[in-house]
Amino acid sequence: MNRTISYDIDSHSEGLRVEQFLRRKGYSAQNLSTIKRMPESILVNGVHYYMKQTLKSGDRLLVRIQETESSRNIPPVYAPLSIVYEDEDLIVINKPAGMPIHPSLNNYTNSLANALAWYYQQQGKPFIFRCCNRLDRDTSGLTVVAKHLVSGNILSTMTKKKEVRREYLAVVRGHIIPESGTISAPLARKGGTIIERVVDFDRGEPAVTHYHLIQEANGHSLVSLQLETGRTHQIRIHLKHLGFPLVGDYLYNPDMEYISRQALHSFRLSFPHPITGEAMDFTAPLPEDMRNILTERSSLR
C-alpha cells in the first residue's frame, strides 16, 4: 500500500532531526528503520533527506510509505463487506457474526482478512492485514484495520494506552442486577483447554468491565459494556461471573432458544485518527438476530 504523508514544520519543531520529529508523531523505531530502506522515502521541500538531517520552520516534510508485498497465507476470496469508513490510513468494517477475523485451519478462506485481500486485489493494491481490535468469530460489529505500517503501529500503541474506546451491546436473560456497575475479576486460561477462560483470582490477569442496563424486554436485558482491558472472552466470562451470561454462547451458556450465536455486538468504536489526530467515532446498529430477542417470543426453529 502506497501512502504519502505530509507535515508542515512549524517553529516548535525547528532544529529537530527528521527521526526525532517522526518519533514525536508516533512512528516506532521499527517504522523508521523500515521506511528509510524505501527509495526516496523522506523528502523535504522536494529534496531527499536522511533521518539524521535537521528540519527548519516552514519546511514541508513528505514521508513516502511504499509497501509492495501482501500478507502471505491469506488467499483473496470474495465476501461482502459492510464498510463504515475508509481513508488512506485505515478502514472500519461492520463485521457480521460467523466471520472469523483471521484465517485458521478450519476457516482458511472465509475470514475478514480474506475478504479484504480480495477487495484490495480488485483495486490492484497490495495489502498487509493489520487488524487493531480483534473480535470473536460470532461477535458482530465494528473493527478497524490499518492500511500501512505507520497507522498500524500508532493504532496498536493507542490501544495499549487505552485511547481506543470500545462499547459493546449484549443480551442476557432476565433483569440484570445491579443495573449498572463495574466487574473487576482477573481471567486465566481454563485447565485442559486452550480456548476457554475462567475467573481466577490467584493466577488471572487483571480484567475490568463497566456495564449498564439499556433496555429490558421479553424477559431479557440489553446491556451496554465498556472495556478497560481486552482479555480473551472478557465480556463473556464477566457477565457469567455476574450471574447473567450471554444468551447463545455455545462455550459458556448454550441457551439457544432465541439466537444461535453469542448475543454480543461491537456497537461503538472511538479513537483519535492515527495520522491527523481528528476524533473518530463510529457506531453500528444492533443486528437483526439480537433485536429479535427483544421483540419476539417465538423460539428458533
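In which loop does Asn107 lie? Select Asn107 to begin: this residue belongs to the loop between strand 6 (90–95) and helix 3 (112–121). Helices (H or I, at least four residues) and strands (E, at least two) are DSSP runs, numbered from the N terminus.

The model is predicted, so local features need pLDDT of at least 70 and side-chain atom pairs count only at pLDDT 80 or more, while totals for chains, interfaces and linings use all residues. Residues are numbered from 1 along each chain as its sequence is written, and side-chain values use heavy atoms, with hydrogens and water left out.

**Asn107**

Remain at Asn107, which is buried at a relative accessible area of 17%. Buried means under 20% relative accessible area, exposed over 50%, and partly exposed in between (1.4 Å probe, protein chains only). Next, display the side chain of Asn110, with which the side chain of Asn107 makes a polar contact of 3.3 Å. A polar contact is a pair of N or O atoms within 3.5 Å; within protein, one must be able to donate a hydrogen and the other to accept it, and residues adjacent in sequence count only if both atoms are side-chain atoms. Neighbours within four places in sequence aside, Asn107 is in contact (heavy atoms within 4.5 Å) with Pro100 and His102.

**Thr229**

Proceed to Thr229, in the loop between strand 14 (220–227) and helix 5 (234–242). Thr229 is also buried, its relative accessible area being 14%. Its side chain reaches the backbone nitrogen of Val208 at 3.0 Å, and a polar contact of 2.8 Å links the side chains of Thr229 and Gln234. To see the surroundings, select Arg166, Pro206, Ala207, Val208 and Gln234, with which Thr229 is in contact once neighbours within four places in sequence are set aside.

**Pro178**

Which residues does the cis peptide bond join? Select Ile177 and Pro178: the bond between them is cis, with omega about -10°. Pro178 is placed in the loop between strand 9 (165–173) and strand 10 (180–184).

Continue to Glu40, in the loop between helix 2 (29–35) and strand 2 (42–44). Glu40 is not a glycine, and its phi is positive, near 45°. Is Glu40 buried, partly exposed or exposed? Glu40 counts as partly exposed, at 48% relative accessibility.

End at Asn73, in the loop between strand 4 (60–66) and strand 5 (83–86). Asn73 has a positive phi of about 65° although it is not a glycine. Asn73 is exposed, with 61% relative accessible area.
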